[in-house]
Amino acid sequence: MTGETDHSPARLRHARFAIAAVFCAHGAVTGSFATRIPWIQDHAHLSAGTLGLALAFPALGAALAMPLAGRINHRLGARTALRVLLALWTLSLALPSLAPNLVTLCFALFVYGATAGMADVAMNALGVETENRLKRSIMSSLHGMWSVGALLGSAVGTLAAHTGADARLHHLIAALALTAAGLVAVRGVLDLRTDTGGEAPPHFALPPRSALFIGGIGFCAVFAEGASMDWSAVYLRDVLDTDAGLAAASTTAFALTMALARLAGDRVVDRFGAVRTVRAGGVLATAGGLLVVTVRHPAGALAGFGLIGLGIAVVVPLAFAAAARSGPAPAQAIAGVATITYTSGLIAPSAIGAVADATSLVVSFGLVTLLAFALILGATVLRQRPVAAGASDADRDEPAAVRP
C-alpha cells in the first residue's frame, strides 16, 4: 500500500483514534438495530420462523457484496472507500423499521447486510494496516470500540423500547447522527492507496487452505455473537415472559461484556497467548450458554448472555491477525476469513429462527452452546508458527498480533 507518507508517532496515534471511532460508529448501528427487533417483528406481523427467514437476507446481501469491497478500495483508496461504505451502512439503519411486511423487510435487510459487509471489510483492512505501522497489537481494542458502539446503540435502543418509542423515528435519528459522526471520524484515518500499477483484486477472494480452520474458529464465535445480539431480547420476551425494557437489556448486557473484554484483550493476549485466551473464553461462553438454556429466570439469562459475550470477545480479532500470517498472501487470507466469519454472523439469526420454529428458542441456544464448546477444542489453530526450529511451546503461543 502507498499513499500517506507521514508515519510519525503523533500521526499514527491520531490514525488509531480515528479508526477506533469508525469501529465505534459501525457497532452503534448493530446495537441500535438489535434492540428493536421485537418491535420490527410485531410491526411486520412475523412469526419466529418468518423473522428468521427475513434475517437470512443480510447474510445474502453480505455474501454478494463483501467481495466487492476490495475492488472499491483498490479504485478509491482506503480513506475514500471507507467514507463511502461507512455512510451507506449507517444510513441503512433507517430501512428495516420502515418495512410493513415480510417482502419489504427482506429487501431492506438485504441492503442492510450488503452495506454492513462492505464497510466491515474496509475498516478491518485499514485497522490491520494501521496496526502494522504502529508495530503493536491494536485489533482487539479496535473490536472493543466496536462493542462500545454496540453498547451505546443498544443502551439508547433499550431506553427507546422501554418508553415505547416508534422504532422508525428512533432509527432515522440514529442513522443521521451516526452518519455525521462517521464522516468526521474517517477524516483522520490513514490515506492509503494500492500501487497504480498493481493488478486489481479478484471479484471473490477465497481463503487459502491454511486459513480455513482459522475461519472455522471465527465462524463459531461470530455465530454465537450474531445469535445473541439479534435473539437475546426475543428470548427473554418469549421464553421468560419479560417486558420489552428488560428484554432489550439482555442485548446491553451482552454488548457490555464484549466491550470490556475486547478493550482489555490486547494485554490479556500478550500475557497468556492466543491459544490459552481462546480456550478460557470458550469455557466462559459454554458456561454462559448453559445458564441461558437451563435457568428459567431473567437474571440467569442476563448473566448467561453476559458470559457468552465475555468468552467470545477476542476470537475475531485474533482470527484476523492469525490469518495475516497464515500464508504468503495475507490480504487474501484476511478477506477470505472475513467473508467466513461475518457471513456466519449474518446467517446465525436466520438459523436460530429456523431451529426455533421447528423446536424452540431453548434448543436454538443449545446449538450456540455447542459452538462455544468448539472454541475450547479448536483454539490451537490460532497458535503462532514457531519462528525458528526448536521453538518452545510458549514461543508458538505468542500473542496473535501482526508482527512487523
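A crossing of two helices is called right-handed if the near helix is turned clockwise from the far one by less than a right angle. With that in mind, and remembering that this is a predicted model, select helix H1 (residues 9–35) and helix H8 (residues 139–163), which pack at an angle of about 35° with their axes 6 Å apart. H1 passes H8 in a right-handed crossing, and the contact of H1 with H8 has 11 nonpolar, 13 polar and one charged residues.

Next, select Arg133 and Glu129, which form a salt bridge whose closest N and O atoms are 2.8 Å apart. Because Arg133 and Glu129 are four residues apart in helix H7 (residues 102–134), about one helical turn separates them. Arg133 is buried, with a relative accessible area of 18%, whereas Glu129, at 22% relative accessibility, counts as partly exposed.

Move on to Arg262 and Glu225, whose side chains meet in a salt bridge (3.6 Å, N to O). Arg262 lies in helix H11 (residues 244–272) and Glu225 in helix H10 (residues 209–238), so this pair ties together parts that are 37 residues apart in sequence; both Arg262 and Glu225 are buried.

Then select Asp42, Arg237 and Asp238, which are linked in a network of salt bridges.

For a loop, select Leu55, found between helix H3 (48–54) and helix H4 (57–65), and buried at 3% relative accessibility. The C-alpha atoms of Leu55 and Ile347 are separated by 7.6 Å, although these residues are 292 residues apart along the chain.

Key:
Residues numbered from 1 in each chain as written. Predicted model: local features only at pLDDT ≥ 70, side-chain atom pairs only at ≥ 80, totals over all residues. Heavy atoms only, no water. Axes fitted to C-alpha atoms, helices over the stretch in contact; angles between N-to-C directions. Helix = DSSP H or I, 4+ residues; strand = E, 2+ residues; numbered from the N terminus. Nonpolar A, V, L, I, M, F, W, Y, C, P; charged D, E, K, R; others polar. Buried < 20%, exposed > 50% of the residue type's maximum accessible area, 1.4 Å probe, protein only. Salt bridge = Lys/Arg side-chain N within 4 Å of Asp/Glu carboxyl O.
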